Amino acid sequence: FGQAKVTTNRHDTARTGLNQAETILTPTNVNKTQFGRLFTQPVDGYIVGQPLYLPNVTIGGKLHNVVYVATLHDSVYAFDADHNTGTNAGLLWQVNFTNPGAGITTASGAFLPCPNVHRFPESGIVSTPVIDPDAKTIYVVAKTNENGTVFHRLHALDVASGAERANSPVPILASFTMNNGTVIQINNLHQMNRPGLLLSNGVVYATFGSNGCNDSNRSWVIGYDATTLALTGAFVAAPEGGLASIWQSGAGPAVDGAGNIYASTGEADFDANIGGQDFGSSILRLTPTATSLSLTDYFTPFDEAFISLNDLDLSSAGVVVLPDQPGPHPHLLIATGKQGRVYLIDRDNMGHFNPVDNSQIVQELPQTVGGMFSTPA
């Protein structure tokens with residue numbers, strides 16, 4: 001039985017995908033005769049985010065190892081991970097955030113733009129939730145159509161029952177002030193919370209791009225206090241021209257040991273090198289404070305215009321914070337994208353923009369891999 005907790009997308013906030021506690025599985029015993037499907041459980045819609053796992057949860061007076069999954073039909077399920085028969089069988093609890101009788105449904109049809117791109121029949125909970133095992137709380141972002149108005153809401157649920165925590169849920173209604181004083185508001189109809197949620201230093205971060213095509217969206221990173229669910233800060237990667245979606249094929253933003261947050265953006269204008277605020281086709285470092293979320297460094301490839309023009313998003317893949325390394329660049333970040341280039345970036349000096357080439361970063365491996373729609377491990 002797996003006793004290691006899986007409480008966030010890709011196992012840790014560096015997004016390494018590494019389970020350092022694994023002691024049983026090997027390439028020898030993971031084979032078609034000893035390793036495979038034990039049983040299945042039905043759910044009410046597609047599961048797009050990663051399932052999460054928490055051992056030793058007391059439910060109904062019994063200890064359970066629990067798998068949590070969320071669906072595009074706006075449901076969250078808790079299943080016993082080890083049994084589908086007997087007194088510990090199967091479904092432990094389920095919650096759903098729709099109420100058709102009151103006009104609350106999942107976003108679909110005219111209320112879900114870009115259908116030929118994302119291919120989803122509905123958009124409820126798309127991203128991977130995140131669990132705080134100490135607070136025994138699972139956080140999810142649900143998208144609903146409420147009598148013709150589309151909302152995203154952040155829910156904080158008890159891991160043992162699915163009950164809403166105090167202050168939960170809260171609607172995501174963030175704003176961002178541009179350098180010229182213009183205030184922009186999030187438009188939930190045109191946003192999708194695709195990247196996994198991030199829990200870092202007592203704050204839950206939700207990240208947004210478009211529904212799949214460029215449909216009047218902006219890219220948002222929005223933080224909420226994990227206890228009070230009060231807004232702590234919001235950042236928009238391209239407030240002037242829009243777009244710059246953060247998709248990352250579902251990978252959550254990555255975090256380093258200092259609490260800096262890293263994410264990659266899709267196609268958009270780039271004018272940050274001449275005093276603008278747009279960071280299309282870039283890798284961003286955001287630094288949170290108690291009341292804000294600010295950009296403190298970035299890397300933009302020299303061919304960003306070609307990347308954006310030809311739909312070669314960097315944000316087709318997530319970024320990975322490497323463990324500290326020996327040598328002159330101990331703090332490194334790996335990024336890639338649809339081009340298949342691999343970028344090795346110094347997190348302490350990400351290089352900004354060089355219009356000639358990418359020689360300002362630690363290393364670039366051109367066309368080393370095919371188009372990446374996942375995250376390195």
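In these legends, buried means under 20% relative accessible area, exposed means over 50%, and partly exposed lies in between (1.4 Å probe, protein chains only). The model is predicted: local features need pLDDT of at least 70, side-chain atom pairs count only at pLDDT 80 or more, and totals for chains, interfaces and linings use all residues. Residues are numbered from 1 along each chain as its sequence is written, and side-chain values use heavy atoms, with hydrogens and water left out.

**View 1. The disulfide between C114 and C213.** A disulfide is a covalent bond between the sulfur atoms of two cysteines; here it is taken as a pair of cysteine sulfur atoms within 2.5 Å. The structure holds 1 disulfide, and C114 and C213 are joined in it with an S to S distance of 2.0 Å. The link is left-handed, with -70° about the S-S bond. Its two cysteines are 99 residues apart and tie together distant parts of the chain: C114 sits in the loop between β5 (104-106) and α1 (115-118), and C213 in the loop between β13 (203-208) and β14 (220-225). Helices (H or I, at least four residues) and strands (E, at least two) are DSSP runs, numbered from the N terminus. C114 counts as buried because its relative accessibility is 8%. C213 has a relative accessible area of 28% and is therefore partly exposed.

**View 2. S216 in the loop between β13 and β14.** At 61% relative accessibility, S216 is exposed. S216 and A166 are 50 residues apart along the chain, and their C-alpha atoms are separated by 34 Å.

**View 3. Strand β7 (residues 137-146) and its partners β5, β6 and β8.** Strands of a sheet pair through backbone hydrogen bonds, either parallel or antiparallel; two strands are called paired if DSSP finds at least two bridges between them. β7 runs antiparallel to β5, with 3 bridges between them, and T105 stands opposite N145 of β7. Strand β6 (residues 130-132) also pairs with β7 in the antiparallel sense, over 3 bridges, and V130 faces Y139 across that pairing. The hairpin of β6 and β7 has 4 residues between the strands, and K136 in the turn has a positive phi of about 55°. On to strand β8 (residues 149-158), β7 makes 10 bridges, again antiparallel. In that pairing N145 stands opposite V150 of β8. The hairpin of β7 and β8 has 2 residues between the strands, and N147 takes a positive phi near 55°.

**View 4. The two faces of β7.** In a regular strand the side chains alternate between the two faces of the sheet. T137, Y139, V141, K143 and N145 lie on one side of β7, with I138, V140, A142, T144 and E146 on the other, and all are buried.

**View 5. The open sheet β1-β2-β3-β4.** The 4 strands pair antiparallel in this order. β1 (52-59) and β4 (91-96) are the edge strands, each pairing on one side only. From one strand to the next, the twist averages 25°; axes are lines fitted to C-alpha atoms, for helices over the stretch in contact, and angles run from 0 to 180 degrees between N-to-C directions. Strand β3 (residues 75-80) is joined to β4 by 5 bridges, with S75 opposite N96 of β4.

**View 6. The open sheet β20-β21-β22-β24.** This sheet has 4 strands with antiparallel pairing. β20 (320-321) and β24 (363-365) each have a single partner strand, so one side of each is left without a neighbour in the sheet. β20 and strand β21 (residues 332-335) are joined by 2 bridges, and V321 has L333 of β21 as its bridge partner.

**View 7. The second largest pocket, with a volume of about 360 Å³.** On a 1 Å grid over the protein atoms alone, a pocket is an open set of points with protein on both sides within 12 Å along at least five of seven lines, whereas a cavity is a set where a 1.4 Å probe fits but cannot get out; lining residues have an atom within 4 Å of a point. Grid points are joined across faces, edges and corners, and a volume is the space filled by probe spheres set on the points. Of the 16 lining residues, V117, G212, W247, S249 and F373 are the closest to the centre of the pocket. The lining is made up of 5 nonpolar, 7 polar and 4 charged residues. Ala, Val, Leu, Ile, Met, Phe, Trp, Tyr, Cys and Pro count as nonpolar, Asp, Glu, Lys and Arg as charged, and the others, Gly among them, as polar.

**View 8. The largest cavity, with a volume of about 30 Å³.** Its lining consists of S123, G124, V126, S127, V141, K143, H152, M192 and N193. These divide into 3 nonpolar, 5 polar and 1 charged.
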